[in-house]
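Good morning, everyone. Please have a look at the structure on the screen.

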Amino acid sequence: METETAPSPSPEQIDLSAPSVIADPYPAYRALRGRSPVLYARVPAGGAAGLGEPIRAYALLRHAEVLAALRDPQTFSSNVTDKIRVLPRITLLHDDPPRHTHLRRLVSRSFTPRRIAELEPWIGRLAASLLEATGDGPSDLMGAYAMPLPMMVIATLLGIPAERYVQFRSWSESVMSYSGIPAEERASRGKAMVDFFAAELEARRRAPSGDLISALVEAEIDGARLDTPEAVGFCVGLLVAGNDTTTNLIGNMAHLLSERPELYRRAQQDRSLVGPIIEETLRHSSPVQRLLRVTTRPVDVSGVMIPAGHLVDVVFGAANRDPAVFEEPDAFRLDRPPAEHLAFGQGTHFCIGAALARMEARIALNALLDCYESITPGEAPPLRQTRAIMPLGFESLPLVLRRSRATA
Ligand code: HEM
């Protein structure tokens, strides 16, 4: 196979950071995927201290190359913090093996399936009460439901009063995604968040209370514990990774269903469709579109050489619409043969919160189906996120909600 040293065309011609592309990246993926297995492109970047300027990276848009990169953490390192300014460093997400392996074992001890399952009845009540407050008629589903639900869940898991979720959200936005926030403001929110978690960890050291932060303080393997920056970095990671992502999964799912009233009705009658609707939403409208890696050595990716020390944009969202793996990739279909979507990543860094996210989405959708006979598009068009760096989702999603007679 012929090896190119620099893929063409130039990054100026391929801009994955334009607001219109962030809002709806799929036409760009379709147009670009066939050109080359690797594209040198302008991609969105940021972080609490970052300026939010687009950066240049080698973008992987095909399923095969995305999967290969995820399965080779030695070559495609997650330790990108020297290359892009992120504050704070996120424990696990920015770590490589063997340190990552050790840390993941430590936190897995605290973040157990049992701890998550214990939350299920409470999340069900929370979802029902949010919908009860939402009522009947026109409503913005993001503000009323998709945003508060995951935020309150993560706050509760961490042992922080759920009422503080508005503040959590502003911290989370400053780290995760929103390049529209001025750099100074991002930095000050980032610092407030780090200080907050450091103080919470200190308080739990003095008086453990059985929540996740206490478990992190107590977690120990072979005499080793998480140090404070690592524990803070993990709390921040849970806050940002467990929040916007699940919000966008719920929002994207509600949007897709609002445009498919027939499917909504079928799901109401047949709740076995809830699981497949969640999985197809994750594939079709992946809440996490991309994450960055940095190459540790020169690497040949399907005939294209990527030099050492360069950023690689691993685009899960594009891989999940690759026609080489998914027939009619742009269609929302529940009858797909089993194939691996990469919405939660793969391999070493596979999402530690996938089970929680799936549970929340299941509860959220069942509560909607229980409560509303129909959810249909509102008068105003939905507002897509255009400044987000990694996620795909809506800022507002106006819907008309019609209560079921049983719950009216
Ligand atoms: C629909 C919701 C979610 C999506 C789409 C999602 C997606 C992802 C993806 C793609 C990765 C892989 C990162 C990589 O390869 O670098 C990841 C990792 C991670 N996720 Fe999630 N996530 C979701 C929900 C959650 C929740 C609810 C939590 C926690 C409460 C969480 C915590 C994490 C953490 C800590 C990591 C880092 C794991 C590691 O590096 O070992 N996520 N997630």
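This is a predicted model: local features need pLDDT of at least 70, side-chain atom pairs count only at pLDDT 80 or more; totals for chains, interfaces and linings use all residues.

Cys351 sits in a loop, the one between helix H16 (316-319) and H17.

Now step back to the whole shell. There are 26 residues around the ligand. Cys351 is among those that come nearest, together with His100, Arg104, Arg293 and His349.

Next, the polar pairs. A polar side-chain atom of His349 is 2.6 Å from an oxygen atom of the ligand. The side chain of Arg104 also has an N or O atom by a ligand oxygen, at 2.7 Å. With Ala241, the backbone takes part: one of its N or O atoms is 3.4 Å from a ligand nitrogen. Which elements give two or more residues to this shell? They are helix H4 (99-110), helix H12 (228-241), helix H13 (244-258), strand E7 (291-295) and helix H17 (354-371). H13 gives the largest share, with 3 residues.

Let's move on to two single positions. Take Ser285. You'll find Ser285 in the loop between helix H15 (274-284) and E7. Is Ser285 buried or exposed? Its relative accessible area is 8%, under the 20% cut-off, so Ser285 counts as buried. Its side chain makes a polar contact with the side chain of His284, at 2.9 Å. Beyond its neighbours within four places in sequence, Ser285 touches Tyr26, Asn252, Leu256, Glu280, Arg321 and Leu392.

Leu60 belongs to strand E2 (residues 55-60). Leu60 has a relative accessible area of 0%, and therefore it is buried. What is in contact with Leu60, once neighbours within four places in sequence are set aside? The list is Pro37, Val38, Glu65, Val66, Ala69, Val301, Val312, Asp313, Val314 and Val315. Leu60 and Phe316 are 256 residues apart along the chain, yet their C-alpha atoms are separated by 8.7 Å.

Last topic: the backbone. Most peptide bonds are trans, and most residues other than glycine have a negative phi. Here are some exceptions.

First, a peptide bond. Pro97 and Pro98 are joined by a cis bond, with omega about 5°. Pro98 is in the loop between strand E3 (76-77) and H4.

Leu92 is in the loop between E3 and H4 too. Leu92 is not a glycine, but its phi is positive, about 80°. Leu92 is buried, because its relative accessible area is 8%.

Then there is Glu328. Its phi is near 40°, again positive without being a glycine. Where does Glu328 lie? Glu328 is in the loop between H16 and H17, and Cys351 is in that loop as well. Glu328 has 49% relative accessibility, so it counts as partly exposed.

Methods:
Residues are numbered from 1 along each chain as its sequence is written. Side-chain values use heavy atoms; hydrogens and water are left out. A residue is near a molecule or strand if one of its heavy atoms lies within 4 Å of it. A polar contact is a pair of N or O atoms within 3.5 Å; within protein, one must be able to donate a hydrogen and the other to accept it, and residues adjacent in sequence count only if both atoms are side-chain atoms. Helices (H or I, at least four residues) and strands (E, at least two) are DSSP runs, numbered from the N terminus. Buried means under 20% relative accessible area, exposed over 50%, partly exposed in between (1.4 Å probe, protein chains only). Contact means heavy atoms within 4.5 Å.
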